[in-house]
Amino acid sequence: MNQRTKLQPLMRRALLFVVLFMLVPMLLIFWYSSEQASSSIQTQVGQALSELNKQNHATIDRVIGSVDQATVTLMGSDLVQSWTVAGSETVQQRLGRYVKTEKLLADYASGVKYSLIVLDDPADYSFAPGMDVSDSGVFFVSDASGLPWLEKAIRDGGIGSVQMAEKFGFNPDKRKTAAFVRAVADLSGSSGAVRVVLMAALEPALLEDLDSISLPEQSRKVLTDTDGTVLAGSAPTMSAFAVPAVARRLLPGVWTSSKAMFIAHDSPAYGSRLIYEVPLRKLVGAHRAVQTIIQISAVCYFVVLLAFLVYLLRVVLRPMGRLARLSRSYEPGKKLERLPEEGRNDEIGFFYRSFYSMTERLNQLVQEKYVMEIKQKESELTLMHSQITPHLLYNTLDSVYWYGIRGGVPEVADMVRDLSTLLRIGLSRGKELITVREELLHVEAYLQLQIKRYDSSFTFRIEADENALECLVPKVTIQPLAENSILHGIGKMDGEGELTIQIAIANGELTVSVEDNGFRPVDLDKIGAILREEADPDKGFGIRNVHKRIRLRFGDAYGLSYFAREEGGTRALIRLPAVRTAEQVPSFGYAANPNPNRPPQ
């Protein structure tokens with residue numbers, strides 16, 4: 001029962017994970033990708049249809065342009081110009097000019113029928129058939145009233161335009177057709193009113209160009225004027241046709257609604273607009289079918305995923321639950337019962353074996369820690385006992401010092417005092433780091449003793465920046481360097497030896513320089529080998545110890561280096577980070593930062 005209660009939250013979390021992080025995101029991805037694919041298809045198809053629409057419209061414009069050019073040629077002909085001026089002619093002369101004009105118009109007819117409308121009394125031309133009889137030719141009307149297209153042509157005064165006009169010939173339904181209409185200007189220079197108009201029936205040619213373009217089934221191709229009136233195409237002429245206001249703009253010249261895609265192109269030259277209307281289901285129908293297949297596949301995928309989750313529960317989650325309970329029951333030092341999962345040859349078995357191995361190591365560490373704590377207690381007792389000896393030594397030296405003062409031998413008293421200072425600072429109550437001030441007291445006491453020992457064969461000088469005195473350094477750092485200078489340089493110079501100790505702080509670094517004017521040449525290669533621990537370990541113990549302690553404490557960026565002075569002698573240089581509290585020291589330690597670029601100030 002306890003096992004079930006522990007596993008139920010795991011199962012719920014696993015199901016929640018699948019739903020929130022797999023099922024929902026995948027459904028969103030499917031929906032988003034489907035919408036993007038549909039939009040991409042619409043965009044690509046829209047681009048292709050837009051180019052097709054432009055080319056189709058350009059072809060239509062060329063047809064209208066050729067008609068426009070033909071009307072210009074006809075306008076300039078002497079025969080057409082002869083109709084612009086009224087005159088007194090016989091019936092025979094009128095008939096002859098009429099026949100010649102009919103022949104001229106017929107010669108120009110090539111898919112487009114041309115007509116000439118003359119504002120004159122039809123009674124004078126009784127031989128000419130009317131507009132209700134012939135579908136093209138020369139027609140006579142007394143005035144333009146009742147014929148809007150004719151009135152507009154006269155108002156435009158020679159500017160051609162595409163308009164809807166009544167079909168000539170037999171037309172009981174009063175149907176209209178698209179026509180190119182232009183008033184004929186009088187080239188003789190007279191300022192008389194326009195009395196001759198040319199008209200070309202364009203509808204057959206326009207329909208031929210529109211029908212030459214193949215679009216998906218149930219699509220419509222419509223040519224309208226600037227007001228949206230149908231000139232030719234799939235919609236009835238004279239009806240209104242435009243892109244719906246609710247349609248969404250997809251591309252320049254392309255719109256989509258819930259059911260159709262609209263492609264439109266405007267021709268500023270002749271004031272027309274060509275519109276394609278294509279049903280969307282014809283464009284993305286195949287994509288929708290593929291989308292449905294993908295959705296069914298996704299559902300099947302998630303069913304398989306849930307089955308795999310149940311399998312995962314039995315094979316992975318349940319053994320992991322046992323391992324979790326086993327880890328919670330573990331107490332350091334206590335042996336655990338062995339479960340059968342340890343024998344599995346997969347990752348679960350590896351986890352169990354690793355856990356048992358870890359607990360065994362922890363038990364071993366606990367045992368070792370217990371032994372170490374016992375040894376530490378013993379070491380503390382030994383240390384407390386050993387501290388009695390320095391205390392007894394200090395008291396004895398102090399007694400000798402006062403005995404020397406009272407006995408009249410102050411030199412001996414001073415040497416005892418310096419020795420006491422040397423020992424006291426050297427031990428430093430077990431501290432590893434001391435201040436520069438204490439270190440200088442230590443090295444000064446040592447130098448005073450050495451001056452008496454070598455019978456004042458050298459002198460020393462100590463220079464230290466005031467702000468460097470409280471910085472921390474490893475104890476007994478300067479004394480070994482001073483000892484080397486005395487032993488190998490100035491110890492036997494009969495009062496001419498000079499030892500200079502300079503301590504400065506700059507850019508977050510503490511530098512300690514120990515210089516001497518010894519006459520012996522310095523072997524820098526040998527010293528370098530000692531510092532790199534490549535020489536005999538019994539040689540150079542003091543400087544190697546100083547260099548190693550500094551690097552172990554502060555990192556490889558710091559340490560000891562030697563140089564030869566131009567005026568003779570040796571210069572030892574120590575580089576340390578300028579730290580004033582023990583809390584700052586661990587940040588420079590070798591383990592934390594083996595290669596520091598620059599210590600913090």
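Contact here means heavy atoms within 4.5 Å. Everything below comes from a predicted model, where local features need pLDDT of at least 70, side-chain atom pairs count only at pLDDT 80 or more, and totals for chains, interfaces and linings use all residues. Residues are numbered from 1 along each chain as its sequence is written, and side-chain values use heavy atoms, with hydrogens and water left out.

**View 1. The whole protein at a glance.** Among contacts between residues at least 6 apart in sequence, 62% join residues at least 24 apart. There are 13 helices and 18 strands, taken as DSSP runs (helices H or I, at least four residues; strands E, at least two) and numbered from the N terminus. Of the 601 residues, 40% are buried, that is, under 20% relative accessible area with a 1.4 Å probe, counting protein chains only.

View 2. Zoom in on M261: leaving aside neighbours within four places in sequence, its contacts include Q42, G46, L49, W255, Y276 and L283.

**View 3. The six-stranded antiparallel sheet.** The open sheet runs β7-β6-β11-β10-β9-β8, where two strands pair if DSSP finds at least two bridges between them. At the edges sit β7 (230-233) and β8 (248-251), each pairing on one side only. Twist averages 25° from one strand to the next. Three bridges tie β8 to β9 (residues 254-256), with R248 opposite T256. Helix α5 (residues 203-211) lies across β6 (220-225), β7 and β11 (272-279), at about 55° to β7; axes are lines fitted to C-alpha atoms, for helices over the stretch in contact, and angles run from 0 to 180 degrees between N-to-C directions.

**View 4. The five-stranded mixed sheet.** Here the open sheet has the order β13-β15-β16-β18-β17, with mixed pairing. Both β13 (458-464) and β17 (559-564) are edge strands with a single partner strand, so one side of each lacks a neighbour in the sheet. Neighbouring strands are turned by 15° against each other on average, direction ignored. Parallel strands β13 and β15 (residues 497-506) are joined by seven bridges, and F460 has L499 in β15 as its bridge partner.

Conventions
Buried < 20%, exposed > 50% of the residue type's maximum accessible area, 1.4 Å probe, protein only.
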